[in-house]
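Visitor: I would like to learn how to read a ligand shell and a helix. Please show me the structure.

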Amino acid sequence: MVTLVLDDPAQSANTMNGAFTASLSAVADRLEAERESVRGVIVTSAKKTFFAGGDLRDLIAVRPEHAQDAFDRSMRIKRDLRRIETLGKPVVAALNGAALGGGYEIALACHHRVALDAPGSKIGLPEVTLGLLPAGGGVVRTVRLLGVADALLKVLLQGTRHSPRRALAAGLVHEVADTREDMLARARAFIDTHPQSRQPWDEPGHRIPGGTPADPEFAANLPAFPANLRKQTGGAPYPAPRAILAAAVEGSQVDFETAQVIEGRYFTGLVTGQTAKNMIQAFFFDLQAVNSGAGLKAVAGAAAAAEPRNVRKVAVLGAGMMGAGIAYSCARAGIEVVLKDVSDQRAAQGKAHSEKLCAKAVAQGRTTQEKADALLARIRPTADPQDLAGCDAVIEAVFEDPALKHKVFQEVQGIVEPDALLCSNTSTLPIGLLAEGVQRPSDFVGLHFFSPVDRMPLVEIIKGERTGGEALARAFSLVRQISKTPIVVHDARGFFTSRVIGQFINEGVAMVGEGVEPASVEQAAAQAGYPAKVLALMDELTLALPRRIRDESRRAVEEAGGTWRPHPAEAVVDRMVEEFGRTGRSGGAGFYDYADGRRTGLWPGLREHFTRPAAQGAGIPLRDMQERMLFAESLDTVRLLEEGVLVSVADANVGSVLGIGFPGWTGGVLQYINGYEGGPAGFAARARELAERYGERFTPPALLVEKAERGERFSDRG
Ligand code: NAI
């Protein structure tokens, strides 16, 4: 019996790099040569994970002129896996840890898959989330294993990462083992009992489960696939789901070998395109940089190196929408939570949010009743400040009112630990202003969560003028402790995220004022890949919010001797509030009409009062509408870099996609500029066109002009 142990000596995880490809060929040669003496093969790994997948450093560098090379390389891997699969001897994958992407494709080429139920271990083909498709036979084999529909919906289109038990339920592995020994014993047992294994698809007369487009019943369901796809992408320019759908459907109608070629061709199209590069940059390289502290180092300097101890007990002040979500996220990470509000009843209502989330997780099999009970036991609702004794961190989430925020910090200061970390979840108030009301401003940071807290992966950490580096490092470590992604910025009105998303909303609202059909504005945002409707988002935030921020900002600019340049959106919002009394969802009427708090449709008055007939020139091309929104956000991000509010490009990219819904296909606000046709120079030229047509706010800032002239991209490497 042969055991193949995957163990790349040069890296901490195994990837499909050149060395792997070469050794895979050599192994296939040797197995074929010594076939007679081989009883069976076990494939496992010496690393913590089984196999990490494609080598993203290689993949991101593939240029269109390398298309043939990329295709040939993918065909070579497919061919070698196929040689092992058709050896005529049993081959078993013993998945000792995560098997994602290329790792799971190796497993798919084995006749039997046993997964160790290791904590955090994941199985699946997440290539779609990086703008790619599985090109080691992953599309071809999942289609033959599960059928076209299940392969697409359970594995390929969402890129779901299944736990070993869920992978078993979905039919992706055959057995789950509790220990390593058990896993290997099961692998050996399979070899003993299946001396001449063949894949189901190599058995005579194999039919793809659920049929192929040649079957009338299947053909009748075909139109549902593109419709599903549209639902998934919102019509945004994501090429990978389309390519996956095509490779799966086309590959199901031909023999195995032809299907492999089809898969290889679609992969080559994706890997040489810009979207995959953008997504690999943002969702792999930038995300890794952010989580390992790129922004923290840039803002906190040497203090970033401190490794603060974990938070044990946190005081959450305010059990409203945000406080309740923060309490849940902390308790889920094993932190004791004291959830304080003005009355026991309010505090209990806040805890009820966690009870609801836990019940749902148990019902969906995502957690056990025991774990849910333990999580809930960690949350103590109260109205008594004395219960906050022993807390080593405070997160404040009361109403957005500076005086109230000062008051609640005063109230708890003598009670919590004397060196407790002090955080405010304010979304708009300057951290410097709030710091004036606390006794230890150097321990005070902004900790800006996003709603709904349990689902949103980002937290924006804000350094006030007096915030110390150590407090920043502690805040960063707390965010990592609750498994969220922390970006770090300097203090400014709206910080990074609130200010930049404001630009998106302003453009949408301004277009209504210019006479564009409101439904077209919403449609343009969706087709650009924004997850939220822009006018609906404005209603959620209330129309009072931009008015308040505008008034405060104008005062600040004028006090500093500057001239306030109004955004065209302001006049629209003013008219909505002052002339029509429409203040947003909480007021029961905004850009939309509402019944019982639910949107019923766009307010017909918008057409009557704002929309001009096409003859009067309201016909803004779709591309301009979309680029106005995207450019407004990217250009303002460049200004934030110039102002020194933002210091890390990776933080900007990751923060924009994970926090404020900047479309993922762009790779984030700054990667969008890098990847735009013609790079930063092409982007700057287009910005000038938009400035000429729609206003000087699109004029490229000096930093962009400089990058464009020097032919440089936005990057943390300088
Ligand atoms: P909310 O109105 O749902 O909750 C505020 C809670 O604070 C209420 O339960 C209230 O009873 C409680 N409270 C008032 N005075 C208190 C006191 N003296 N002691 C303890 N609790 C007190 O508000 P929400 O939406 O949860 O917002 C809270 C904070 O989070 C605000 O600063 C807001 O700007 C910020 N934020 C809100 C986001 C959102 O999407 N709603 C996103 C990010 C930040």
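The dialogue below turns to the ligand, then a helix, then a record.

Guide: This is a predicted model, where local features need pLDDT of at least 70, side-chain atom pairs count only at pLDDT 80 or more, and totals for chains, interfaces and linings use all residues. Residues are numbered from 1 along each chain as its sequence is written.

Visitor: How many residues surround the ligand?

Guide: A residue is near a molecule if its C-beta atom, placed from the backbone, lies within 6 Å of it. Here 23 residues surround the ligand. The closest are G318, G320, M322, S427 and S451.

Visitor: Which helix gives the most to the shell around the ligand?

Guide: Helices are DSSP runs of H or I, at least four residues; strands are runs of E, at least two; both are numbered from the N terminus. Helix 15 gives the most, three residues. Helix 15 (321-332), helix 18 (402-413) and strand 15 (444-449) each supply at least two.

Visitor: Is helix 15 largely enclosed or open?

Guide: A residue is buried if 20 or more other C-beta atoms lie within 10 Å of its own, with C-beta atoms placed from the backbone. Eleven of the twelve residues of helix 15 are buried, so the helix is largely enclosed by the rest of the structure. Among them are M322, Y328 and R332. Just after helix 15, G334 takes a positive phi of about 90°.

Visitor: What does UniProt list for residues 494-594?

Guide: UniProt annotations may be inferred rather than shown by experiment; positions follow the numbering used here, and feature names are shortened. An unreviewed UniProt entry lists "domain: 3-hydroxyacyl-CoA dehydrogenase C-terminal" there. In the model, residues 494-594 are 62% helix and 3% strand, with end C-alpha atoms 28 Å apart.
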